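Biologist: Hey, can you walk me through this one? I'd like to start with a single residue and build up from there.

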Amino acid sequence: MSMWQFQREWRSEEGETARQYCRRNLLQAMETLTQGWGTAHLYSPEPATLGPSMAMVPLPDSLPPLASSTGPSGIRHQKALDLKAVLREEHGIDARVVVLSGVGCFCRLSFAVFNTQADVCRLRDAVLEIAESHSQQHSQ
């Protein structure tokens, strides 16, 4: 079966197409992350403002690689790469961390039919754990 055929024929347990399923879960994932991290939506989660399965979610300022990211863009980019490495190496999570100059640091959230809300919760909790660990280290 080709990828295109799979996308046309795949249905969720609720009967949604892949596009509908990913969109619904993307919106839920955005809520989970912004509420968990105490950040705001970058843009309205209305269908016209989002891609079908991808969005940018602001990361909390309390993260160690981001809290001191006031230097040149190149330095902030390196710190974003460091966060991506920590998420992957210590938490087994592959997440894209993006720095938008003059705007802030974001997680590029992508939702596919093989992702689950449990995956989103793992990302939320890992970011919070990294932030908490950094906070404890600097309060001693």
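Predicted model: local features only at pLDDT ≥ 70, side-chain atom pairs only at ≥ 80, totals over all residues.

Biologist: Which residues join Arg24 in a salt-bridge network?

Modeller: Glu14 and Glu16 join Arg24 in one network, through salt bridges that share partners. For Glu16 and Arg24, the closest N and O atoms are 2.7 Å apart. For Glu14 and Arg24, that distance is 3.7 Å.

Biologist: Where do Glu14 and Arg24 sit in the chain?

Modeller: Glu14 is in the loop between α1 (3-9) and α2, while Arg24 is in helix α2. They are 10 residues apart, and the pair links distant parts of the chain.

Biologist: And the two glutamates: is Glu14 buried or exposed? What about Glu16, buried or exposed?

Modeller: Glu14 counts as exposed, because its relative accessibility is 57% and the cut-off for exposed is over 50%. Glu16 counts as buried, because it comes out at 14% and buried means under 20%.

Biologist: Okay, why would these side chains pair up in the first place?

Modeller: Side chains of opposite charge can pair when their charged atoms come close.

Biologist: How many salt bridges are there in the count?

Modeller: The count comes to 5 salt bridges. Another one of them is between Lys84 and Asp94, with the closest N and O atoms 3.4 Å apart. Lys84 lies in helix α4 (residues 73-91) and Asp94 in the loop between α4 and β2, so this pair ties together parts that are 10 residues apart in sequence.

Biologist: How accessible are Lys84 and Asp94?

Modeller: Lys84 has 26% relative accessibility, so it counts as partly exposed. Asp94 has a relative accessible area of 54%, so it is exposed.

Biologist: Back to α2. What span should its 20 residues have, and what does the model give?

Modeller: At 1.5 Å a residue, α2 should span 28 Å, and its end C-alpha atoms are 28 Å apart, so the two agree. Just after α2 comes Gly38, which takes a positive phi of about 70°.

Biologist: Which residues of α2 are buried?

Modeller: Quite a list! Among them are Ala18, Tyr21, Cys22, Asn25, Leu26, Ala29, Met30, Leu33 and Trp37.

Biologist: Tyr21 is aromatic. Which rings does it cluster with?

Modeller: Ring pairs link Tyr21 with Trp10 and Phe111 in a cluster. The structure holds 2 aromatic pairs.

Biologist: New topic: the strands. In what order do they sit in the sheet?

Modeller: The order is β1-β3-β2, in an open sheet of 3 strands with antiparallel pairing. β1 (54-58) and β2 (96-100) stand at the edges with a single partner strand each, so one side of each has no neighbour in the sheet. Neighbouring strands are turned by 35° against each other on average, direction ignored.

Biologist: What holds β1 to β3, in terms of bridges?

Modeller: 5 bridges join β1 to β3 (residues 104-110). Met54 stands opposite Ser110, Met56 opposite Arg108, and Pro58 opposite Phe106.

Biologist: Which helix packs on this sheet?

Modeller: Helix α2 (residues 18-37) does, touching β1 and β3. Its direction makes about 5° with that of β1. As for β1, 4 of its 5 residues are buried, so call it mostly covered.

Biologist: And how many bridges join β2 to β3?

Modeller: 5 bridges, with the strands running antiparallel. One of the pairings is Val99 with Cys105 in β3. The hairpin of β2 and β3 has 3 residues between the strands, and Gly102 there takes a positive phi near 80°.

Biologist: Last one: what's the big picture for the chain?

Modeller: The chain has 5 helices and 3 strands, following the pattern α-α-β-α-α-β-β-α along the sequence. Buried residues make up 36% of its 140 residues. Of the contacts with a separation of 6 or more, 59% come from residues 24 or more positions apart.

Methods:
Residues numbered from 1 in each chain as written. Heavy atoms only, no water. Pairing = 2+ DSSP bridges. Helix = DSSP H or I, 4+ residues; strand = E, 2+ residues; numbered from the N terminus. Axes fitted to C-alpha atoms, helices over the stretch in contact; angles between N-to-C directions. Contact = heavy atoms within 4.5 Å. Buried < 20%, exposed > 50% of the residue type's maximum accessible area, 1.4 Å probe, protein only. Phe/Tyr/Trp six-rings, centres within 6.5 Å; stacked < 30°, edge-to-face > 60°. Salt bridge = Lys/Arg side-chain N within 4 Å of Asp/Glu carboxyl O. Expected span 1.5 Å × (residues − 1).
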